[in-house]
Protein chains: 2
Amino acid sequence: MTIKRAMQPVGWKQVRLDGGFWGKRQETNRKATLPLQYKLLKKGGTVGAHQWDWWDKSRGRPPWRIWVGDLGKWIEAASYSLALHPDSGLAAKVDEVVRSIRKGQKEDGYLYPNPIPRDYKFANLQEYHELYELGHDMEGAVALYQATRKRDFLDTMCRAANLLCRTFGRRPGQKRGYDGHPEVELALVKLYRATENRKYLDLAKYFVDERGRTPGYFAQEAARLKKRKMTFFDWYNIKGGYWYCQAHKPLREQEEAAGHAVRALYLYSGMADVAAETGDMGLLEACRRLWRSVTHRRMYVTGGVGSAPFGEAFSFDYDLPNETAYAETCANIALVLFAHRMLQIDGNSEYADVMERALYNGVLSGVGLDGTSFFYANHLTVFPQASKGAADNTAASRQKWFGCACCPPNVARLLASIGQYICSTSEDAVHVHLYATSRAKCTVGGKDVEIRQETNYPWSETVRIVVTPESTCRFTLSLRMPGWCRKALFKVNGNSVKPAMHRGYAKITRTWKKGDEVLVAFSMPVERVEANPAVRMNCGKIALQRGPVVYCLEEADNGKYLADMVLPKSSRLAAEWKPGLLGGCVVIRGKARRRVIAGWDDKLYGSSRSATRTADLVAVPYSLWANRAPGEMLVWIREC
Amino acid sequence: MTIKRAMQPVGWKQVRLDGGFWGKRQETNRKATLPLQYKLLKKGGTVGAHQWDWWDKSRGRPPWRIWVGDLGKWIEAASYSLALHPDSGLAAKVDEVVRSIRKGQKEDGYLYPNPIPRDYKFANLQEYHELYELGHDMEGAVALYQATRKRDFLDTMCRAANLLCRTFGRRPGQKRGYDGHPEVELALVKLYRATENRKYLDLAKYFVDERGRTPGYFAQEAARLKKRKMTFFDWYNIKGGYWYCQAHKPLREQEEAAGHAVRALYLYSGMADVAAETGDMGLLEACRRLWRSVTHRRMYVTGGVGSAPFGEAFSFDYDLPNETAYAETCANIALVLFAHRMLQIDGNSEYADVMERALYNGVLSGVGLDGTSFFYANHLTVFPQASKGAADNTAASRQKWFGCACCPPNVARLLASIGQYICSTSEDAVHVHLYATSRAKCTVGGKDVEIRQETNYPWSETVRIVVTPESTCRFTLSLRMPGWCRKALFKVNGNSVKPAMHRGYAKITRTWKKGDEVLVAFSMPVERVEANPAVRMNCGKIALQRGPVVYCLEEADNGKYLADMVLPKSSRLAAEWKPGLLGGCVVIRGKARRRVIAGWDDKLYGSSRSATRTADLVAVPYSLWANRAPGEMLVWIREC
């Protein structure tokens, strides 16, 4: 049995983005990000790390084990890019990296570069997360296979997956474990879909079912390894270590987003995949519950998740500190993955809304306009002096690379595959989730249809969609009505239409012929967004949003002491297109007030009411901050 | 040469407080705090710890070394109490504790209970702070001697101090070191004043002069001990370890309050003592500069200092986070010690203002009304869920004791000696710094004078002062005009007077005869205090203050989600005496607004302006918070 999925995604190979908001970012990704990351992965020793014989100490200090998944992500990113934009130089680099991984595979299929004792193979799943690394390699192998039809790497990863199938499970002699860092679950489902080998799905299902069963597997591991503590890393021990790894109770019983946010959202994505493939309604219910926990109570307005720096983790409902916000780029990307899966299953625009919110804000903030600098944590307020001496992963400016460089190649693969998020099909409909200049090839009602979008979205309100079926045919064009939008106008071939709404999508059902044109205009006034009163950090504050774009104040435009700026409720806010600013963007302008600092001198407290003055307020898109001189930044603005 | 000190403190034995605000707290301290702490010090093994032979491992795990100074503080507290309120039971306990310390003294005077290798004696000053522990014992010994005239303990501590004099200094064979935890500097000056042995002052001066000289002493220590890192504790290493210990540069060159706040303020107090005794104007200038750094740019409105939990340390100018405020009770007490010393030297009411601010707020918040529960960190905002699982020293409710129990006996000695902060004398004047029901015996112009105060201060505005000289004599009664007060009325024997003001003191110079009565009324409207716009956490917020008392909102009076309460600028605020509340206090009432939570349901963000409702606001004195059911608390209230 399978759950009747509402939609099927349109594969990334079917959607080209040339130009437009995402097309330009994808181009930078292709030209700057991928080559640089290859260089850094080589330089740091990650390329070649799989050939390290970890019980041969004579070769000196080997690379750190948690680097390895980065290779898989880079291969995945490069593969997406190669399929749409052939590039022999890049292809050669991919081959080199793949070769270096394949060479490291042991006879039995084992694949993992790490200086651990020989008998530690799959023995310390809580900390070594071998399966996480393998999962990323599997994703890379599937993408490479789909891009190039070369099977080598896919075969390698199937051999590794076969070893996992032999090693893990409930049969005698098998380990009843699961990885400390979920990821392999969704990767195994990808491998299953690519190879149609059911046992990979079964293993994914086993991992999902087994997780969090008592007696705790990690405690048994620790006892076997005679570890003094449950784990080597203190932060694992938050709430006993299990909570951190989403293994504190069976997944079906989990009510709240728990632990390390990247782990959580990779896991939820894998759960959704398993539910979709196996028809497990109980598991799907758990996914929906966890979705609500994440997005209704624990998500920043930027779509960032995992607010606590300690453990890079979820904390508690409505706990969304701004200055110490972690909101790891990888977690925000993983939220897109989860949203995308839930969207295909439930077909509800709520998922696409969150996907869009994360993509335009908390994901894109993770990479600079140069494509070569990255945020690991995405703070919502930055006061540079407070970040002085911070670790690279909580820095106040983007970094080229990190000690644990999970985020940069994750951004690269997301940008390279952005096309897959744009539309989906169902039996008799094409669903458009994201508005972006693009050309998608879909199949609906047995016929090929091209959906071409032209738009300056998110800066402009209008989207032109040209529908080109191979021959005249009847189907529904299902256009997402964005959650932030209160008023939209639709025209088909120049005539206004009033589409029916269903699950947040505007449905235009007709017999389409080549060149039919749909024009949509989404009204995009500047909105002042409030947070739930239980978000104690944002009481009395608003965030500025226009369309899907969340704004922030930067010192570059507004001077120092941003926290003292206050926006009167009555201030008119105007959107203005600035072609020369930050690659071209819409800024928001208004009149604010701030105190006159001069009168304070050296005084710390005063009881007389201090003087204020009018100040110009200029807000820029949050995702574009930190592309100018370093300085203060702030998303939530005081209102009076 | 000595600096001409503006004032001499009136000794603690000369001031009795029976009843009144401080008298009552002192009584609880005597009856509940001191006996309980004796019990806990016994139970935890601190009493008896000095007899531990630290190279005899057969006795098992000995007590932790940093407990030891707590004994000295407890003896000091008990001694202050005994002098004013004889108590044979308490006296016997003091004798027992003193005996247990004295028994541990080695032949050469060495005194320190710690399981360190034999050759570690004074070898790891950065971490073991033997001198800190000795300093507290010296303070205890001086207080006990002054209270009882028994010399035993004083002799013990002189022997220990003599060993220090032989060990440390610039002569050949001496160690050119200083302690990682300053304290002994001020203690040596106390020992000098009690014994008139000049070498103790010289040693204090040496420690002050040597501190922070290059090449760094701690690095030499580390090299000698072959320590892998400079120190065992990570937090020592903030800014290289030296900054944490105020040893990053010579004290005379330090511009900003640095490092661990308790260490810093004990050190500055010792510096002020050395400056006062030696007439070192350069050193005094450094004290004034550091005073301004602490109190003009790095002090909470409660008089709390050391805002950073990491390292219990000063951070940077205007960095005063509320929810994570550390503001350790010991640091706030140490600020009182520093203020009191600077006040005697400079005779300026600014010092007394800070002393009063800390005493009525950030110091007193450290102890519950029961006298048996304590805060280590004094947060300015508490959201209980955010503190769940926090260490005892950052807990959201007061604790009986701590792993490192420095604060509770520090509160005990402060409360037991509160009399010493009330007044001072100079050649021809008696200066009153604190208004409190009390009876002080002073000497002015060669004559004994009793200054009796009767007042319900800080709750009421009026203070009645009865002056009783042994015989009619002319002198100045110098009454501190509190910094928070804008209007005061003075009457002498019923007739209004307009005293001249000098350095913040109102001077009433006349020929006083027995029973002369001065009536003062300090106007105490409810004030809304603003913080400097550079304090980013408090923009748009005010703190309520009436007289010296800073207020806060508690969940017990105002319900949950305090951060969402907003006080209109136009709201009238009324002070109301509540005899039955929290031992009797003045509360502040007003009308505030808050959002209607009901409409939000499960929604995290909304763009429509949400409804608000009127809400009663009740503020209670900050120092009295957390004496009812646990819940939210907040000092800085949003204003609109």
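**Entry 1: helix crossing.** I began with how α3(A) passes α6(A): the crossing is left-handed (the near helix is turned anticlockwise from the far one by less than a right angle; clockwise would be right-handed). This is a predicted model, where local features need pLDDT of at least 70, side-chain atom pairs count only at pLDDT 80 or more, and totals for chains, interfaces and linings use all residues. Residues are numbered from 1 along each chain as its sequence is written, chains are lettered from A and ligands numbered from 1 in the order in which they are written, and side-chain values use heavy atoms, with hydrogens and water left out.

I took helices (H or I, at least four residues) and strands (E, at least two) as DSSP runs, numbered from the N terminus. α3 covers residues 88-103 of chain A and α6 covers residues 152-167 of chain A. Their packing angle is about 30 degrees, and the axes lie 10 Å apart. I therefore logged α3(A) as roughly parallel to α6(A) (angles under 35 degrees; over 145 is roughly antiparallel, 65 to 115 roughly perpendicular, the rest oblique). Axes are lines fitted to C-alpha atoms, for helices over the stretch in contact, with angles from 0 to 180 degrees between N-to-C directions.

Next I listed contacts (heavy atoms within 4.5 Å). From α3(A), A:Val98, A:Ile101 and A:Arg102 meet A:Asp152, A:Phe153, A:Thr156 and A:Arg159 of α6(A).

**Entry 2: salt bridges.** My criterion was a side-chain nitrogen of Lys or Arg within 4 Å of a carboxyl oxygen of Asp or Glu. Over all chains the count is 100.

I checked A:Glu96 and A:Lys42 and found a salt bridge, with the closest N and O atoms 2.6 Å apart. A:Glu96 sits in helix α3 of chain A and A:Lys42 in helix α1 (residues 20-43) of chain A, so the pair ties together parts 54 residues apart in sequence. A:Lys42 is partly exposed, at 38% relative accessible area (buried is under 20%, exposed over 50%, partly exposed in between; 1.4 Å probe, protein chains only).

**Entry 3: chain B.** Are B:Arg536 and B:Asp319 buried or exposed? Both are buried. Their side chains form a salt bridge at 3.0 Å, N to O.

I then turned to B:Arg528, which bridges to B:Glu639 at 2.7 Å between the closest N and O atoms. B:Arg528 is in strand β15 of chain B and B:Glu639 in strand β24 (residues 637-639) of chain B, so this pair joins parts 111 residues apart in sequence. B:Arg528 and B:Glu639 are buried.
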